[in-house]
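Happy to go through this one with you.

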Amino acid sequence: MSKAFEELQIKDDFMFSVIMRDPKFCKPFLERVLGVKISRIEYPRPQETIDLSAEAKSVRLDIYVEDEEEVIYNIEMQAVTNRNLPKRTRYYQGMIDLNILEKGRDYKDLKKSFVIFVCAFDLFGEGRHIYTFENRCIQNLELGLGDDTAKIILNTKGTMDDVTPELKRLLDFIDGKAPEDEFTRELDEAVQSARKNEKWRLDYMTLQMHYQEKYEQGVEQGIEQGNRQSALRMIEDGELSLEKIALYSGLTLEQVSELEKEFQPA
């Protein structure tokens, strides 16, 4: 069951997307994660509302920004454990690159990019707050491929002393702890304010309805596919009339007749 809008926290995907669409919060977030200073960031495809696409194979990048050096940052929130996340980072990286190339640019124009996942769990179980991955030569780990891509997995449950105090306070806040510095207090205030925004409430409810519809469609399709498989097995056995197969499988007589035609060799 989805959360009520008033219960959303920054670690919830929708709320995180709402807050990080403001450069006032996104820029210092990136600076804390990467340990760099960023003069400014831009949103190449500004959106007034969150993309409501709920298609199973669509790619909805939570936060997609560029800095003054044309470095691309894709930030995603992942509150629920998902062991397929490493391949998702690969898929997202590929989609970012394809998006650039589809604009008619040469592969040499591919920009430096970071795919960043903020996880409310320790995906790798090492207790680190941050896991950074780059392509390197297995035979010589000092030799980088130089493809200008990096994937960063942040862990709000980290136990090591491996990040700056500023980043640790940020991750602790995302994990549900009280704000402990000016930036996390500002984030907390932004969350409280967003909860009172009727426009965001409507967008959230609309998005949840889209997901519910997709879920129900999937259930219905699964049931129908199971019924078809059952009917096909009974047709293959050849022991029941089409009427009884329809009765036992839950399909219509017309659907069973069509399946029988498909089953018969040409």
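Q: How confident is the predictor in the protein chain?
A: This is a predicted model, and its protein chain averages a pLDDT of 83, with 84% of the residues scoring at least 70. Over residues 46–59, though, the pLDDT is below 50. That stretch still has 28 contacts in the model beyond near neighbours in sequence. Where pLDDT is low, the predicted coordinates should not be read in detail.

Q: Why is Cys119 called buried?
A: Buried means under 20% relative accessible area. Cys119 has 0% relative accessibility, so Cys119 counts as buried.

Q: What makes Cys137 count as partly exposed?
A: Partly exposed lies between the buried limit of under 20% and the exposed limit of over 50%. Cys137 has 25% relative accessibility, so Cys137 falls in between and counts as partly exposed.

Q: What share of the 266 residues in the protein chain is buried?
A: Buried residues make up 38%. As for the surface, the protein chain exposes about 16,000 Å², and carbon and sulfur atoms supply 50% of that area.

Q: Which elements does the protein chain have, and how do they run from the N terminus on?
A: There are eight helices and six strands, in the order α-α-β-β-β-α-β-β-β-α-α-α-α-α. Among contacts with a separation of 6 or more, residues 24 or more positions apart account for 62%.

Methods
Residues numbered from 1 in each chain as written. Predicted model: local features only at pLDDT ≥ 70, side-chain atom pairs only at ≥ 80, totals over all residues. Heavy atoms only, no water. pLDDT = per-residue confidence, 0-100. Contact = heavy atoms within 4.5 Å. Buried < 20%, exposed > 50% of the residue type's maximum accessible area, 1.4 Å probe, protein only. Helix = DSSP H or I, 4+ residues; strand = E, 2+ residues; numbered from the N terminus. Areas by Shrake-Rupley, 256 points an atom, 1.4 Å probe, with all protein chains shown as cover.
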